[in-house]
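Please read them with the model open.

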Amino acid sequence: MTQDDMARIAGGTFRMGSDTHYPDEGPAHSVTVDAFRIDRHAVTNADFAAFVAATGHVSFAERPLDPALYPGAQPELLTPGSAVFHMPARRQQPRDLLDWWSYVPGASWRHPEGPDSTIDGRQDEPVVHVAFEDATAFAAWAGKDLPTEAEWEFAARGGLDGAAYCWGDEFTPNGRWMANTWQGEFPWQNHAQDGFAGRAPVGSFPANGYGLFDMVGNVWQWTKDWYSARHPHDPTRPCCAPRNPRGVAEAHSYDSAASGPRIARKVIKGGSYLCAPNYCQRYRPAARYPQAMDTTTSHIGFRCVQRIT
């Protein structure tokens with residue numbers, strides 16, 4: 001993607017986060033960001049293929065894992081592969097992620113559903129099965145960077161400060177689907193009323209006020225910021241909006257309740273085609289989620305920014 005495929009965001013002050021949804025979105029607080037450019041759509045399979053052809057990059061999901069870094073891991077989980085969503089055949093309550101996610105050897109950005117699948121004819125879909133390191137490598141090659149959480153959220157709001165969604169406060173204005181999300185009872189029932197049961201080609205839904213497509217829904221998007229369970233707002237400085245905040249330090253991003261290797265986590269934003277009203281209502285600008293840096297899935301991609309100096 002070139003600068004013609006990027007939107008210039010003038011910067012400004014906005015209300016970041018939310019006090020009315022998931023706890024990690026709070027506290028809502030004022031933030032100022034400087035001007036930047038951002039990709040109008042997520043990086044596609046075609047974009048990533050051009051990067052791989054130019055650099056020879058081998059993605060995280062295409063490389064075997066080092067057993068020394070994952071002591072006690074089952075051997076099949078150390079082979080090249082990635083996490084793929086599979087819709088259960090019958091009704092079940094969302095309880096255990098393993099009921100609909102499985103590690104598939106051979107799954108990668110080239111083979112999104114597993115080794116027998118392909119991206120042929122799907123060049124305009126967002127690339128998935130990319131780890132944080134893959135996204136940063138692409139961004140460096142393109143002369144860009146990944147957005148901070150604040151930059152991403154400011155851009156996603158499209159000038160509608162405080163609105164619930166990128167397009168306003170009504171989820172389906174005049175009955176129109178505005179993003180690729182899940183219709184039906186997750187995870188077993190997908191009505192695909194928005195026209196897509198899985199990932200959609202970028203630009204399939206209306207752009208927001210800044211001309212940006214798919215800022216919510218379709219695929220989650222990596223940001224640069226380390227994850228923390230709350231926004232690190234300083235209540236002693238209510239008068240002063242942080243400028244270009246960068247979240248917390250890496251040491252605060254680890255999941256203290258997790259067993260096994262300690263893996264730092266980044267903030268991902270935007271939700272995906274797997275977000276449903278009964279599960280993961282994160283198709284909103286304020287929504288956020290922790291993602292381990294070494295994890296790749298069939299519903300996480302990214303887009304890039306350039307900062308204007």
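1. Arg199 is buried, at a relative accessible area of 9%. This is a predicted model, and that value is computed from it like the others here. The cut-off for buried is under 20%, so Arg199 at 9% qualifies.

2. What does the Arg199 side chain meet in a salt bridge? The partner is Glu113, at 2.9 Å from N to O. Glu113 is partly exposed, with 35% relative accessibility, whereas Arg199 is buried.

3. Lys224 and Asp145 form another salt bridge, again given as 2.9 Å, N to O. Asp145 counts as partly exposed, at 22% relative accessibility.

4. Glu153 deserves a look. It lies in helix α3 (residues 149-157) and is buried, with a relative accessible area of 0%. Its contacts beyond four places in sequence are Phe14, Arg15, Met16, Gly17, Lys269, Pro285 and Ala286.

5. Is the Glu153–Lys269 pair buried or exposed? Both residues are buried. They form a salt bridge, the closest N and O atoms being 2.9 Å apart. The pair ties helix α3 to strand β8 (residues 265-269), across 116 residues. Through shared partners, salt bridges join Glu149, Glu153, Arg157, Lys269 and Arg288 into one network.

6. On charge overall, the structure holds 18 salt bridges. There are 28 positive and 35 negative side chains, and the centres of the two sets lie 5 Å apart.

7. The protein has three helices and 11 strands. From the N terminus, the order is β-β-β-β-α-β-β-α-α-β-β-β-β-β. Of contacts between residues at least 6 apart in sequence, 72% join residues at least 24 apart.

8. Overall dimensions come next. The radius of gyration is 19 Å, which agrees with the value near 19 Å for a compact globule of 309 residues. The C-alpha trace spans about 55 × 45 × 40 Å along its principal axes. Of the 309 residues, 50% count as buried. The accessible surface comes to about 13,700 Å², and 52% of that belongs to carbon and sulfur atoms.

Key
Residues are numbered from 1 along each chain as its sequence is written. This is a predicted model: local features need pLDDT of at least 70, side-chain atom pairs count only at pLDDT 80 or more; totals for chains, interfaces and linings use all residues. Side-chain values use heavy atoms; hydrogens and water are left out. Helices (H or I, at least four residues) and strands (E, at least two) are DSSP runs, numbered from the N terminus. Buried means under 20% relative accessible area, exposed over 50%, partly exposed in between (1.4 Å probe, protein chains only). Contact means heavy atoms within 4.5 Å. A salt bridge is a side-chain nitrogen of Lys or Arg within 4 Å of a carboxyl oxygen of Asp or Glu. The radius of gyration is taken over C-alpha atoms; the globule rule is 2.2 Å times the number of residues to the power 0.38. Accessible areas come from the Shrake-Rupley method with a 1.4 Å probe; for residues, only the protein chains shown count as cover. Lys and Arg count as positive and Asp and Glu as negative; His and the chain ends are not counted. The place of a charge is taken as NZ of Lys, CZ of Arg, CG of Asp or CD of Glu.
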